[in-house]
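Hi,

Here is the structure I said I'd pass on.

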Amino acid sequence: MNSTINQIYPVIWQDDHVYLIDQTRLPEEYNQVIISRSTDMAQAIKTMIVRGAPAIGVAAAYGMYLGATEIQTSDRSQFIEHLEKVADLLRQTRPTAVNLFWAIARMLRTAYEETGTIEEIKITLLKKAQSIQAEDLATCQAIGDHGLAILPRTPEKLRILTHCNAGSLATAGYGTALGVIRSAWREQRLARVYADETRPRLQGARLTAWECVQENIPVTIITDSMAAHCMQQKMIDVVVVGADRIAGNGDTANKIGTYSLAIAAQAHQIPFYVAAPFSTIDFNLADGSQIPIEERNGREISHFNHNSICAEGAEFYNPAFDVTPANLITGLITEKGTIEPDSLIKYKIGQY
Ligand code: MRU
């Protein structure tokens, strides 16, 4: 694929269908998958055609709407009962990113609150899914601006290390961690992005690097195990990552490998920021030990491009996320500003 793409929107609602960029095929192929049924949306989330916490939330919201359109009844309580089943199906796709549960809860609440006919409820649900999407885009842009304000002032332009993909592809657009990076690039404060390749699914090498290349942002891919070395060699000024779920005390679940990055950053006195919308904060959880961690198939480790690369007979352990304790996090960059993890609890509000 030679041409570059200016605006990256992983989820698009058009002509009564959802178009998802197939993130399992990037960067080799830029394809869109058309989703017309809630079961297909659940499958797309599970198989990571769409991935990244906020993008999963947006996709699930449209999944709820598609599910609503499949319900053939004029009886309100039967409609709600069926919609609860759609919600259950979507909830079972991926356990860690709280945005999924947050978006489904918002859609359900919308259905409960709309007092009109079933057709009117369906229309209101579509509007709600669209507003969840539009809000996330605006939120990411605000995160980018707030992040810009707290990035370290250095004599030279910044070298920012990031992990996984917290970019446009992982959100409604613009990105969280990559949103901060985009804003720094726009303001000419960025020298280079260092993108961890992010084993085993390579979201850094495949997706973050692809997004940077689309905008001519200089990007260097390193393997995950090179990050501490790069810090020691004074190649990194600041680390910015995304989040899948932040507990009430600031402990943060993000892609596996984030925790070791935070330890390395602290050892080298490098600021370590988490960029995430408030929809990623789960105030129901007191600390990170309560965050459910998705465990994925060992084949993601054992195989590379469909070829086995490991000793036969070995076993695999494949947690998709880890939890970085709040004390290793310099700040949480949110749409409301940058918050020290310690003071997060002040923001505890009705989140759904
Ligand atoms: O397994 P993935 O690719 O869905 O994991 C994504 C991440 O860990 C991202 O860093 C996180 O969702 C933040 S996205 C803005």
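Keep in mind that this is a predicted model. I'll begin with the ligand. There are 19 residues around the ligand, and R51, R94, D244, N254 and K255 are the ones that come nearest.

- N254: an N or O atom in its side chain is 2.7 Å from an oxygen atom of the ligand.
- R51: here a side-chain N or O atom sits 2.8 Å from a ligand oxygen.
- Q203: again a ligand oxygen and an N or O atom of the side chain, 2.8 Å apart.

How much of the ligand's accessible area does the protein cover? On its own the ligand has 420 Å² of accessible area, and the protein covers 99% of that.

Next, the pockets. Rolling a probe the size of a water molecule over the atoms shows where empty space is left. The largest pocket comes out at a volume of about 690 Å³. Its lining is made up of 17 residues, and those nearest the centre are T24, R201, H303, N305 and H306. Sorted by class, the lining has seven charged residues, five polar and five nonpolar. Two elements that each supply at least two lining residues are α10 (299-302) and β12 (303-304).

Where is this pocket relative to the two domains? It lies between them, because domain 1 (11-139) and domain 2 (145-348) both give residues to its lining.

Last, some backbone details to look at. Most residues other than glycine have a negative phi, and most peptide bonds are trans. These spots go the other way:

- L26 and P27 are joined by a cis peptide bond, with omega about 0 degrees. You'll find P27 in the loop between β2 (17-21) and β3 (32-35).
- R199 and P200 are also linked by a cis peptide bond, omega again about 0 degrees. P200 belongs to the loop that runs between β5 (190-196) and α7 (203-214).
- N216 is not a glycine, yet its phi is positive, at about 60 degrees. Look for N216 in the loop between α7 and β6 (219-222).

After that, go to the pocket between domain 1 and domain 2.

Cheers

Conventions
Residues numbered from 1 in each chain as written. Predicted model: local features only at pLDDT ≥ 70, side-chain atom pairs only at ≥ 80, totals over all residues. Heavy atoms only, no water. 1 Å grid on protein atoms, 1.4 Å probe; cavity = no way out; pocket = protein on both sides within 12 Å on 5 of 7 lines; lining within 4 Å. Points joined across faces, edges and corners; volume = space filled by probe spheres on them. Helix = DSSP H or I, 4+ residues; strand = E, 2+ residues; numbered from the N terminus. Nonpolar A, V, L, I, M, F, W, Y, C, P; charged D, E, K, R; others polar. Domains from an automatic or database assignment. Near = heavy atom within 4 Å. Polar contact = N/O pair within 3.5 Å; in protein donor to acceptor, adjacent residues only side chain to side chain. Areas by Shrake-Rupley, 256 points an atom, 1.4 Å probe, with all protein chains shown as cover.
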